[in-house]
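Trainee: I have this one open and would like to go through it piece by piece. Can you take some questions?

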Amino acid sequence: MAFDSLSDRLNKTMRNIAGKGKLTDANMEDMLKEVRVALLEADVNYKVVKDFLNKVREEARGQQVLSSVEPGQQLVKIVHDEIVNLLGTEQAELQFKPQGITVIMMAGLQGTGKTTSVAKIAKLTKKKYNRKPILIAADVIRPAAIEQLQTLGREIDTEVFTEGTETCALKTVQDGMVYAEEHGYDTVFIDTAGRLHIDEALMQELKDINESVHPDEILLTVDAMTGQDIVNVAKTFQEQLPLTGLVVTKFDGDSRGGGVLSVKAITGLPVKFVGEGEKIDDMDVFYPDRMADRILGMGDVVSLVEKAQEKMDMEEAERVGQRMLNGEFTMDDMLSQFEQVQKLGPLGGILKMIPGFSQYSDMIDEAKASDSMKHTKAIIQSMTKEERRDPSRMRGSMKRRVAAGSGTTLTDVNRCINQYEKMKKVMSQIGSMSRSGKLDEDHLEQMMNSAQKQMPSGYSKKKKYKF
C-alpha cells in the first residue's frame, strides 16, 4: 500500500527519538535528517520536504520541546500534525446542493481508473449519503467505454444515460441533465473521456462541458503509482479547469506515496477519495488525520470499526464472540470468524489499523495466508455437524474422509484440528480471566505470544507481541 516504505522508515526514526530521555538540538537534527531522507526516498517534492522540516523545527522550538518532560513524544506529535497539514487539515467532503441536482464531473488521463471510480463513488454516495445518482456516459472516444459504464451501472443498480458514440460528448451531457431532472435524480456523475496524454482536444471538450453545465464538483482521477507525476498532471488540469479535489486510485499498490503527500501543498487540491482495490466497494473517503496516524504506525481504529460495521455481520460476530468467552467455541465458530475477517480485506492491512500492530504487518505472507485460510475452510466444511462440534472424537478414517473431501492431506486436517484446540484454549483462558476481572496487558501479551507459535503457514514467527 502507498506509504508503506515511508511508514517503516518514519516509525523506526520516531521510536528512536521517543526513547530519548533528553532531547538536544543535536539529536533533534539527527532525527530530522532521517525524516528528510525518508520523505525524499518516498518521492516527496524537494521543496515540500524543505518546508516540512522547517515547520517541524520551528514548532518544536516554539513549544520548548527540548526542556519538556517527554520531549521525544512531543516531537512525534509535531511531526504527526505537520503530516496532517500536508495532507489537508480537514476531510474534504463532496458538496451537495441542499436543493436541485448536484453535478459531479470526473476527469483524468486514460488508464487511471476514472470510469471505475465514477461507479465506486456513485455507490458510496447512495450508501453513505442516501443520494439518488445517475451516470452519464460522456466518454464517446474510448472503445467500449460506454459498455463498461453500463456494466458497472448494473452492478451498483444505478441508471446510465447514453446516446451512443454517434453523438458528441457535450450533447450527451446536456440531454442527460434534462433526463435526470425529468426523472427525479438528485446527483449526476459525468464520466468524461481521457487521453494517454494531455492535449488540446481533450481539454477543450472538458471546458465545453464545464461551461455548459457548471459542475458543483470536478474531481481529477490520478494514479498513485505515478509518483510525482500526480503533481504535474494536477497542475496542468488545474490551469484549464476549476478542479475541486482528487481521487487517488491504486492506493493499495506498491507506490511510495510522495505524490499524494506533495500534491495538496503544491496545488491546494485536497484528496477526497482513495481507491484501495479492484472491487466495487473498494473506494473510501480520505481522512488526512487517520492517514497520518497510519503513516506513523499509530493505527486507524475508527476506520477499522467503520469497515467492520459496514462489511461484517455484527450480530453474528457478537454471538460468536460471546460463545468464545463462555468456552463454547466450536469449529463452526472458527469458520465464522475466518469468513468475517476475510470481509475486512488483507490481514496485513488490518494489522496496520490496530495501534501498536503496524510493525507486525510484515509478518504476513498474504498469498500463503490466503491459501491456508482456503484449506482450513474446506476442511471444516467437509466435516459433519458432530465433528465440527467436537473434533477430538475424530479417528483416522474420519480424518482421511475429510482430507479426501477437502482436497487436502491428513497432515493438513490434523494441523487444522490442532489450531482449533489451541484457539479454543486461548479463548477459554481469556473468557475465564475476563469474568474474574484478572485480564490485564501482561496476561494478554503472554497468551498472544503463545498463540502466535501456533499460527498457520503464511505468518512469520520471529517477532513477539509487546503491548
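Trainee: Which elements do the buried residues of α6 pack against?

Mentor: They pack against α5 (114–129), β2 (133–137), β3 (160–161) and β4 (187–191). Keep in mind that this is a predicted model.

Trainee: And which residues of α6 are the buried ones?

Mentor: Helix α6 covers residues 145–155, and its buried residues are Ala145, Ile146, Leu149, Leu152 and Gly153. Looking down the axis of α6, these fall within an arc of 125°, so they line one face of the helix.

Trainee: What does the face turned away from that buried side carry?

Mentor: The exposed residues Glu147 and Arg154. Just after α6 comes Asp157, with a positive phi of about 55°.

Trainee: Switching to Thr115. Where is it found, and is it buried or exposed?

Mentor: Thr115 is in helix α5. Its relative accessibility is 4%, and the cut-off for buried is under 20%, so Thr115 counts as buried.

Trainee: What does its side chain make a polar contact with?

Mentor: With the side chain of Asp191, at 3.0 Å. Apart from neighbours within four places in sequence, Thr115 is in contact with Arg142, Gln148, Leu149, Leu152 and Asp191. Leu149 and Leu152 are among the buried residues of α6.

Trainee: Now the sheet. What is the strand order?

Mentor: The order is β3-β2-β4-β1-β5-β6-β7-β8, in an open sheet of 8 strands with mixed pairing. The edge strands are β3 and β8 (283–285), each of which pairs on one side only.

Trainee: In what sense does β1 pair with β4?

Mentor: Parallel, over 5 bridges.

Trainee: What about β6, how many of its residues are buried?

Mentor: 5 of its 5 residues, 245–249, are buried, and the strand is mostly covered. Gly245, Val247 and Thr249 point one way, and Leu246 and Val248 point the other way. β6 runs parallel to β5, joined by 5 bridges, with Asp223 and Thr249 as bridge partners.

Trainee: In what sense do β7 and β8 pair?

Mentor: Antiparallel, over 3 bridges, with β7 at residues 271–275. Gly275 stands opposite Met283 in β8.

Trainee: What does UniProt list for residues 270–283?

Mentor: An unreviewed UniProt entry lists them as "domain: SRP54-type proteins GTP-binding". In the model that stretch is 0% helix and 43% strand, and its end C-alpha atoms are 16 Å apart.

Trainee: Last topic. What is the mean pLDDT of the chain, and where does pLDDT stay under 50?

Mentor: The mean is 79, and 73% of residues reach 70 or more. It stays under 50 over residues 451–467, for which the model has 48 contacts beyond four places in sequence. Where pLDDT is low, the predicted coordinates should not be read in detail.

How values were computed. Residues numbered from 1 in each chain as written. Predicted model: local features only at pLDDT ≥ 70, side-chain atom pairs only at ≥ 80, totals over all residues. Heavy atoms only, no water. Buried < 20%, exposed > 50% of the residue type's maximum accessible area, 1.4 Å probe, protein only. Helix = DSSP H or I, 4+ residues; strand = E, 2+ residues; numbered from the N terminus. Arc of directions from axis to C-beta. Contact = heavy atoms within 4.5 Å. Polar contact = N/O pair within 3.5 Å; in protein donor to acceptor, adjacent residues only side chain to side chain. UniProt positions renumbered as here; feature names shortened; annotations may be inferred. pLDDT = per-residue confidence, 0-100. Pairing = 2+ DSSP bridges.
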